[in-house]
Structure formats: C-alpha cells, structure tokens
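Trainee: Hi, could you walk me through this model? I'd like to start with the sheet and then move on to the helices.

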Amino acid sequence: MASLPYYVRRNPRAKRVIVKLLPGTGLQLVLPPEAPESMVSDVLREKRAWIEYTARSMVEQGRPPWPEAHELPSRVDFPGVGLGFEVRRVERAGVVRLRGNAASIMLSGPTGAEDAMFERLRDFVRRTAREHLPPMLRNVADELGLTFDSVTIRSQSRRWGSCSSRGRISLNCKALFLSPELLRHLMIHELCHLRHPNHSKSYWRLVERFQPGYRELESHLSHGMGFVPGWMNDSPSAKVPNGFFSIKRL
C-alpha cells in the first residue's frame, strides 16, 4: 500500500465536502463550516475508488500526487520568455538571501535552511513573472487588436489564467515554465474571453482565427503542469498534514 497525505480545511462558502487531489501535495478535503471532522474517514472510504483512479491518471500525466523530497536545482529555466539561470548555493550564517543577475542565482544561508531557500526561489519566479508576462501579454493583445483593463500575476496549483467581465486578466506565474508556443496560446486563450466570456462556439471560432490548430495546443496546455518543477508546487499546508490515507500502490 502507498500512503498519501491528506489535509483538511474549512471554507465558509462550501455547501458540501469537496475532495481534491493536488500534484505533488496529496489529498485536500474542504469542509463546510458546521461539518464535523469525524466525517473525514467516511468520506475517504466512500471516495476510495475515485481517489485510486484519479491518482493513477495523474501519474500517467506526469503529475503524481505524492509529495517528493526536492533538491535545490542546479539550474532554473523559463523557456516561455527565453531566460535561464545557473543556481549556486553558498553556506553562510544568518537569514536566507537570493541574489540574481542576468545569468545566475546565488542562494546563501545556513545549513538546514532548504525550505527557506525554496521559498526564495518561488519568490524569484513570481517576481520574474510580474516583470515579463504583463508586457508580453500587452504585445500579444496589440497584435490581435484586443484591449484588456489590467493583468494580475498569481501562483495557483492548477489554473493557468482567467479573464473577468471587466477585462481583468490573471496569469499563473508558473506559465514561465511553458514553451513559448504554449505560453502564447495561453495568452490568446485568455484574451479571446474579452470578446466571449464563455467557451461557446463563437469563442472557439475566435481562438481558431488567431491560433489555427488550437485544439492540439489546448491538449498540451491541459497537461502543462508537468513542465513545472515540483518545488514550485509545495505549499505551507503541506508541512503539517492532518493524516495519511493508504491506497493501492500504482
């Protein structure tokens, strides 16, 4: 049997128990405000078949739900914007710091501070995304003749982006790890929602007008989280699991 960690949180807007499998993290159970935690074991038992099937599918897609022990990378590449950095670690007393230039990143800190170093790396990804993705989105929008109100860079576990009815676009900082072709397609996908805030036939006709062959790109994008290194998907909640759920080894 394989052990999968699970984490329980409450959402005041939840009307029922929601079970999610998150890449590199485990199971997340979202409970309504009044639901007793004693029901968790019953929910896991009821959802066992779904959990095993979904975990197997995630493994096949290169997105296993089991947390992995990560080593600091020797290199970080952002193919979407044509950037790459060598990573060097320096043992030094005091707080963990990250310094970067055009070609390298230096992480300095004491022995045993790997968690803090990974967090500095994630901060670096977010800063780089905020610097490079908005101007790239503006260039693509100008090329397509579309206008958006604003752009926000976020870090989400699965969603690549969104577009509101007010023309506010959100992009996932992890899009930096996509290929240039997939990153451009993601931006076209969200920009087309400025005209059609849905996935109607009219919407897909507009996407195809700007991006012939979009279906194959959509398929690749749906599995694009496989390009994101595991250390980007760690979350603070993963440090304190509520428990472990045993499933059949895949």
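Mentor: Happy to. Two strands pair if DSSP finds at least two bridges between them. Helices (H or I, at least four residues) and strands (E, at least two) are DSSP runs, numbered from the N terminus. This is a predicted model, where local features need pLDDT of at least 70, side-chain atom pairs count only at pLDDT 80 or more, and totals for chains, interfaces and linings use all residues. Residues are numbered from 1 along each chain as its sequence is written, and side-chain values use heavy atoms, with hydrogens and water left out.

Trainee: Got it. What order do the strands of the open sheet take?

Mentor: The three strands run in the order 8-10-9, with mixed pairing. Strand 8 (150-154) and strand 9 are the edge strands, each pairing on one side only.

Trainee: And in what sense do strand 9 and strand 10 pair?

Mentor: Antiparallel, over three bridges. Gly161 stands opposite Leu171 in strand 10.

Trainee: Which strands does helix 4 touch?

Mentor: Helix 4 packs on the sheet, touching strand 9 and strand 10 (contact means heavy atoms within 4.5 Å). Its direction makes about 155 degrees with that of strand 10. Axes here are lines fitted to C-alpha atoms, for helices over the stretch in contact, and angles run from 0 to 180 degrees between N-to-C directions.

Trainee: Is helix 4 largely enclosed or open?

Mentor: Largely enclosed by the rest of the structure, because ten of its 13 residues are buried. Buried means under 20% relative accessible area, exposed over 50%, and partly exposed in between (1.4 Å probe, protein chains only). The buried ones include Leu186, His189 and Cys192.

Trainee: How do helix 3 and helix 4 pack?

Mentor: At an angle of about 65 degrees, with their axes 10 Å apart. Among the residues that meet there are Leu133 and Leu137 in helix 3, and Leu183 and Met187 in helix 4.

Trainee: Changing topic: which residues of helix 5 are buried?

Mentor: Tyr203, Leu206, Val207 and Phe210. Seen down the axis of helix 5, they fall within an arc of 100 degrees (taken from the directions from the helix axis to the C-beta atoms), so they line one face.

Trainee: Why would residues three or four places apart point the same way?

Mentor: An α-helix has 3.6 residues a turn, so such residues do point the same way.

Trainee: What's on the face of helix 5 turned away from its buried side?

Mentor: That face carries the exposed residues Lys201, Arg205 and Arg209. The buried residues of helix 5 pack against helix 3, helix 4 and helix 6.
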